[in-house]
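Please keep the sequence and the structure in view while reading.

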Amino acid sequence: MAELLTLWQSTGVANFAWGQLLMIAVGCGLVYLAIAKKFEPLLLLPIGFGCVLSNIPVAGIGGPDGLLGMVYSVGVETGIFPLLIFMGVGALTDFGALIARPSTLLLGAAAQFGIFATLLGAVALNFVPGFNFTLQDASAIAIIGGADGPTAIFLASRLAPDLLGAIAVAAYSYMALVPIIQPPIMRALTTKKEREVVMQQLRPVSRLERILFPFVVLALCALLLPSAAPLIGMLMFGNLLRESGVVERLSRAAQNEIINIVTIMLGLAIGSKLSADKFLALETLGILVLGALAFSIGTATGVLMGKIMYRATGGKVNPLIGAAGVSAVPMAARVVNRVGLDANPHNFLLMHAMGPNVAGVIGSAVAAGVLLALAGS
Amino acid sequence: MPETTLITDSLSLMAIGMGTVFSFLLLLVLLLKGMSWLAEKLAPAGVEPVLAPAQVPRSGQTADAELIAVISAAVARYRSQRRQ
């Protein structure tokens with residue numbers, strides 16, 4: 001009889017807590033969004049399943065001695081996984097559009113205003129009872145506005161590990177929502193005439209320029225903002241693998257095998273941090289609201305900067321491409337292209353939007369470096 | 001009030017942050033322009049074939065037409081595989 005009781009006590013049924021059941025439902029919800037709605041499936045599917053696994057009672061998969069717990073402490077706590085992903089992003093990214101028209105970097109800079117406005121918003125939420133964000137928490141939440149998953153995870157793992165799960169889920173869900181969030185803002189801020197502007201074709205970029213580019217960016221980063229050097233350094237290393245043309249095997253590994261393996265591990269490890277006591281909290285709701293705000297403000301300031309450039313160049317720049325400054329490569333650039341085509345069916349803005357788009361990646365890495373340097377101490 | 005100091009902290013973080021991001025990227029604009037100028041000096045444009053695929057079916061007069069067709073098909077196939 002005593003054995004039966006022991007056996008019963010080791011079953012899941014006897015040990016389930018309400019919070020765990022709810023979190024398993026949340027995990028299944030994320031998997032549903034990934035499969036049925038195709039919301040960033042590459043990340044939300046592993047995150048959702050990791051959430052289900054780590055909320056199984058007794059097994060302790062997400063605990064310090066469990067599989068996912070160990071993967072988390074090796075890869076996410078140390079910041080290694082997001083950095084390896086950044087290397088892959090560098091190897092996948094063609095910076096040619098940016099090199100051909102460097103002024104689009106300003107659009108990428110303007111769109112980062114969303115990050116800092118959200119920082120203010122997160123701190124202001126402290127006036128609402130129930131919220132208690134420190135400056136570190138607020139910085140980690142604000143980086144969602146950078147619309148760059150690896151950067152957000154990197155910064156959150158440094159500044160606010162407790163909020164990492166919610167921040168990662170918010171960052172990737174909003175990246176999936178870019179095609180819904182951005183177009184209304186873009187249309188509201190531009191006139192039809194501005195949306196119709198056809199831009200001049202980009203000049204070809206020589207191989208030498210492409211090879212020098214990573215060194216120029218890295219040198220500036222090393223001189224001015226070493227705290228962003230891990231992010232920028234890996235991004236530029238990946239890009240050099242791509243552009244050097246002599247290490248094609250390494251380049252292909254970075255943009256396929258390595259990034260895929262790391263994405264699986266990263267997703268599962270983040271999912272393991274979705275526990276009831278951390279995720280089913282008022283703060284998560286605040287993070288979701290602030291994330292949407294960050295995205296919208298970033299899009300708006302990017303478009304406004306685009307309008308300034310439109311005026312300054314005498315109507316040669318289509319202000320819509322400013323919206324691509326919020327990184328989210330290449331989704332934001334595709335959205336720009338679509339909105340441009342709506343206004344003028346012969347106007348393909350995709351290549352022009354890639355400049356501000358990749359500028360946004362550099363911009364949010366710089367913003368992360370600033371936040372790390374100022375709020376991290 | 002800790003909240004109000006936090007607000008002033010985050011306001012200054014916002015000003016410094018935006019200032020840094022802008023000046024960083026503005027400097028990068030200048031450096032990239034300089035880099036392109038330098039690259040133009042070192043290796044004038046036009047010499048370097050960035051988009052190489054223009055030479056495939058050129059030398060077609062002396063060589064055997066069938067051989068050229070086979071080679072260009074193989075090149076095209078190899079390129080499209082590498083693109084993947």
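## Terms and basis

Two residues are in contact if their C-beta atoms, placed from the backbone, lie within 7 Å. The structure discussed here is a predicted model.

## Helix H4 of chain A

Helix H4(A) has 14 residues, and at 1.5 Å a residue they should span 20 Å; the end C-alpha atoms are 19 Å apart, which agrees.

The buried residues of H4(A) include Leu43(A), Leu44(A), Leu45(A), Pro46(A) and Ile47(A). Also among them are Gly48(A), Gly50(A), Cys51(A), Val52(A) and Ser54(A). These buried residues of H4(A) pack against H3, helix H5 (67-76), H11, helix H12 (164-189) and helix H16 (248-271) of chain A.

## The pair H10 and H11

Helix H10 (residues 135-142) and helix H11 (residues 149-159) of chain A pack at an angle of about 170 degrees, and their axes are 9 Å apart. Angles over 145 degrees count as roughly antiparallel. H10(A) and H11(A) are therefore roughly antiparallel to each other.

On the H10(A) side, Gln136(A), Ser139(A) and Ala140(A) take part in the contact; they meet Leu155(A), Ala156(A) and Leu159(A) in H11(A). The residues of this contact of H10(A) with H11(A) comprise four nonpolar, two polar and no charged.

## Backbone features in the loops

Because Glu40(A) has 22 C-beta neighbours inside 10 Å, the residue counts as buried. In Ser327(A), phi is about 40 degrees, and the residue lies in the loop between H18 and H19 of chain A. Ser327(A) has 31 C-beta neighbours inside 10 Å and therefore counts as buried.

The loop between helix H18 (282-312) and helix H19 (331-343) of chain A also holds Pro330(A). The peptide bond that leads from Val329(A) to Pro330(A) is cis, with omega near -10 degrees.

## The nonpolar core

In soluble globular proteins, nonpolar side chains tend to be buried together. In this model, the largest nonpolar core has 146 residues. Which residues have the most contacts inside this core? They are Ile167(A) and Val336(A). Not counting residues up to four places away in sequence, Val336(A) touches Leu320(A), Ile321(A), Ala323(A), Ala324(A), Leu349(A) and Ala353(A).

## Asn15 of chain A

Asn15(A) belongs to helix H2 (residues 12-15) of chain A. With 14 C-beta neighbours inside 10 Å, Asn15(A) counts as partly exposed. Leaving aside neighbours within four places in sequence, Asn15(A) is in contact with Pro57(A) and Val58(A). Asn15(A) and Leu98(A) are 83 residues apart in sequence, and their C-alpha atoms are 56 Å apart in space.

Chain B contains two helices and zero strands. Of its 84 residues, 15% count as buried.

How many residues does each chain give to the contact between them? Chain B gives 31 residues and chain A gives 38. On the side of chain B that touches chain A, 23 residues are nonpolar, four are polar and four are charged.

Note on methods
Residues numbered from 1 in each chain as written. Chains lettered and ligands numbered in written order. Predicted model: local features only at pLDDT ≥ 70, side-chain atom pairs only at ≥ 80, totals over all residues. Axes fitted to C-alpha atoms, helices over the stretch in contact; angles between N-to-C directions. Helix = DSSP H or I, 4+ residues; strand = E, 2+ residues; numbered from the N terminus. Parallel < 35°, antiparallel > 145°, perpendicular 65-115°, else oblique. Nonpolar A, V, L, I, M, F, W, Y, C, P; charged D, E, K, R; others polar. Buried ≥ 20, exposed ≤ 12 C-beta atoms within 10 Å, placed from the backbone. Expected span 1.5 Å × (residues − 1). Core = buried A, V, L, I, M, F, W, Y, C linked by C-beta atoms within 7 Å.
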